[in-house]
Amino acid sequence: MLSALQNPRYAAAQLLNFGLILSTAFMMWKGLSVISDSPSPIVVVLSGSMEPAFQRGDLLFLWNRNWMEETKVGEIVVYNVKGKDIPIVHRVVRKFGIGSKAKLLTKGDNNLADDTELYARGQDFLVREDIIGSVVAYIPFVGYVTIMLSEHPWLKTVMLGLMGLMVVLQRE
């Protein structure tokens, strides 16, 4: 390991490899965003409000290309609330109107009441612009790593340290 650190050319190559891995992951994320027409094409379920349909830690894949058809009652959507950073995954339970001006009311399957308390102040319904995407597929419990990293910030440091150590120790 010390010989690797003493050779600046080798250390630079390892650093570039690490940068390439990060930039490739970023490009894949942006590519998925463009294809799905969603700013966040993959989200993790953070609460139990959608049980039994989705459990905490499920990884959801979103699609936002509804050119031909409108959002329907019963569809599971992910939406943003103005002033809040975390998107919400809930089911459309009522729809008022048609077209791009339709008003939508959502509710978690495991919640007793609809989402009017979760919406922004003065907002009684969602409109199409609030929706990030509709759920088209999911992988159970794969997103639990994300939950662990957000609940225990020190794990991020440990993971980044291990990744950096692997890059430095890697032999070609």
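Student: How do you know which parts of the model can be discussed?

Tutor: The model is predicted, and local features need pLDDT of at least 70, side-chain atom pairs count only at pLDDT 80 or more, and totals for chains, interfaces and linings use all residues. Residues are numbered from 1 along each chain as its sequence is written, and side-chain values use heavy atoms, with hydrogens and water left out.

Student: Which domains does the protein have, and what makes them domains?

Tutor: The assignment gives domain 1 (1-36), domain 2 (42-141) and domain 3 (144-172). The bounds come from an automatic or database domain assignment. The centres of domain 1 and domain 2, taken over C-alpha atoms, are separated by 35 Å.

Student: How many residues of domain 1 are in contact with domain 2, and what makes a contact?

Tutor: Contact means heavy atoms within 4.5 Å. By that rule, 5 residues of domain 1 are in contact with 5 residues of domain 2.

Student: Why is serine 36 called buried?

Tutor: Buried means under 20% relative accessible area, exposed over 50%, and partly exposed in between, with a 1.4 Å probe and protein chains only. Serine 36 has a relative accessible area of 4%, so serine 36 is buried. Serine 36 has its place in helix α2 (residues 8-36). Not counting residues up to four places away in sequence, serine 36 touches Pro41, Leu62, Trp63, Asn64 and Arg65.

Student: What makes a stretch a helix or a strand?

Tutor: Helices (H or I, at least four residues) and strands (E, at least two) are DSSP runs, numbered from the N terminus. Strand β6 (residues 131-139) is one such run, and isoleucine 131 is found in β6.

Student: Is isoleucine 131 buried or exposed?

Tutor: Isoleucine 131 counts as buried because its relative accessibility is 5%. Leaving aside neighbours within four places in sequence, isoleucine 131 is in contact with Asn64, Thr71, Val77, Val78, Tyr79 and Leu104. Valine 78 is 53 residues away from isoleucine 131 along the chain, yet their C-alpha atoms are separated by 5.9 Å.

Student: Why is valine 44 called buried?

Tutor: Valine 44 has a relative accessible area of 17%, and therefore valine 44 is buried. Valine 44 lies in strand β1. Not counting residues up to four places away in sequence, valine 44 touches Gly57, Asp58, Leu59, Gly143, Thr146 and Ile147.

Student: What makes a space a pocket, and how is its volume found?

Tutor: On a 1 Å grid over the protein atoms alone, a pocket is an open set of points with protein on both sides within 12 Å along at least five of seven lines, a cavity is a set where a 1.4 Å probe fits but cannot get out, and lining residues have an atom within 4 Å of a point. Points are joined across faces, edges and corners, and the volume is the space filled by probe spheres set on them. The largest pocket holds about 380 Å³ of space. Its lining has 18 residues, and the closest to its centre are Val44, Val45, Leu46, Ile86 and Pro87. β4 gives the most to that lining, with 3 residues.

Student: How many residues of the lining of the largest pocket are nonpolar, and what makes them so?

Tutor: Ala, Val, Leu, Ile, Met, Phe, Trp, Tyr, Cys and Pro count as nonpolar, Asp, Glu, Lys and Arg as charged, and the others, Gly among them, as polar. The lining of the largest pocket has 11 nonpolar, 7 polar and no charged residues.

Student: What lines the second largest pocket?

Tutor: Its lining includes Trp29, Ile42, Val44, Leu59 and Met159. α3 supplies the largest share of this lining, 3 residues. Domain 2 and domain 3 each give at least three residues.
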